[in-house]
Amino acid sequence: MLTRENMLNGPFVRVHEALLPANMLWDAEKIRASMNSTLEERPTGAPFWIFAYGSLMWNPVLAIEEMQRARLKGWQRSFYIRLISGRATP
C-alpha cells in the first residue's frame with residue numbers, strides 16, 4: 001500500500017527502481033535540482049500552490065498550510081497519464 005511512510009522512508013523508491021528503465025529514474029539530486037530551478041522562477045518568498053489530484057489529496061507527502069477547491073471554466077480533468085509502475089499488475 002502506498003503510504004506517506006513508504007514514500008518518505010524509501011520503500012516506494014526502491015520498488016520503482018526495480019520496475020522502471022534506468023533512463024526514466026531520477027536520483028534525489030536531479031529531483032532537488034528540478035525543484036530548485038522551478039522555485040527560483042518565482043518571486044523571493046512568494047507562496048506557491050500545488051495542484052493535487054489522486055493520492056496527493058488524501059495522503060500528501062508535504063505539509064499542507066492551506067487547501068482550496070478550484071474550478072477552471074472551459075477546462076476538464078482527464079486522466080491521460082501513462083504510468084508503468086505502481087498500477088497493480090502489468
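I'll start with the model and its overall layout, then go through some residues.

First, some ground rules. This is a predicted model, so local features need a pLDDT of at least 70 and side-chain atom pairs count only at pLDDT 80 or more, while totals for chains, interfaces and linings use all residues. Residues are numbered from 1 along each chain as its sequence is written, and side-chain values use heavy atoms, with hydrogens and water left out.

Now, confidence. pLDDT is the predictor's own confidence in each residue, from 0 to 100. The chain averages 77, and 74% of the residues score at least 70. Where pLDDT is low, the predicted coordinates should not be read in detail.

What is the chain built from? Four helices and zero strands, so to speak in DSSP terms: helices are runs of H or I with at least four residues, strands are runs of E with at least two, and both are numbered from the N terminus. Read from that end, the order is α-α-α-α.

How much of the chain is buried? Of its 90 residues, 8%. Buried here means under 20% relative accessible area, exposed means over 50%, and partly exposed is in between, with a 1.4 Å probe and protein chains only. The accessible surface, from the Shrake-Rupley method with a 1.4 Å probe and only the protein chains shown counting as cover for residues, comes to about 8,900 Å², and carbon and sulfur atoms hold 58% of that.

On to contacts, meaning heavy atoms within 4.5 Å. Taking those with a separation of 6 or more, 63% join residues 24 or more positions apart. Arg4, in helix H1 (residues 4-9), is 57 residues from Val61 in sequence, yet their C-alpha atoms are 5.5 Å apart. Arg4 is partly exposed, at 35% relative accessibility.

Next, have a look at Trp26, in the loop between helix H2 (11-19) and H3. Setting aside neighbours within four places in sequence, Trp26 touches Ile31 and Ser34. It is partly exposed, at 46%.

That brings us to helix H3, residues 28-40, where Ser37 sits. A polar atom of the Ser37 side chain lies 3.0 Å from the backbone oxygen of Ser34. Ser37 is partly exposed, with a relative accessible area of 37%.

How many salt bridges does a search of the whole structure find? One, where a salt bridge is a side-chain nitrogen of Lys or Arg within 4 Å of a carboxyl oxygen of Asp or Glu. The partners are Glu29 and Arg32, with their closest N and O atoms 3.2 Å apart. Both are in helix H3, and because they are three residues apart, about one helical turn separates them. Arg32 is partly exposed, at 42%.

Last stop: Met67, in the segment after helix H4 (55-58). Met67 is exposed, at 62% relative accessible area. Together with Phe48, Ile50, Leu62 and Ile64, Met67 makes a nonpolar surface patch of about 510 Å². For such a patch, residues need over 30% relative accessible area and no salt bridge; nonpolar side chains (Val, Leu, Ile, Met, Phe, Trp, Tyr) are joined within 5 Å, and like charges within 9 Å.

Definitions and conventions
A polar contact is a pair of N or O atoms within 3.5 Å; within protein, one must be able to donate a hydrogen and the other to accept it, and residues adjacent in sequence count only if both atoms are side-chain atoms.
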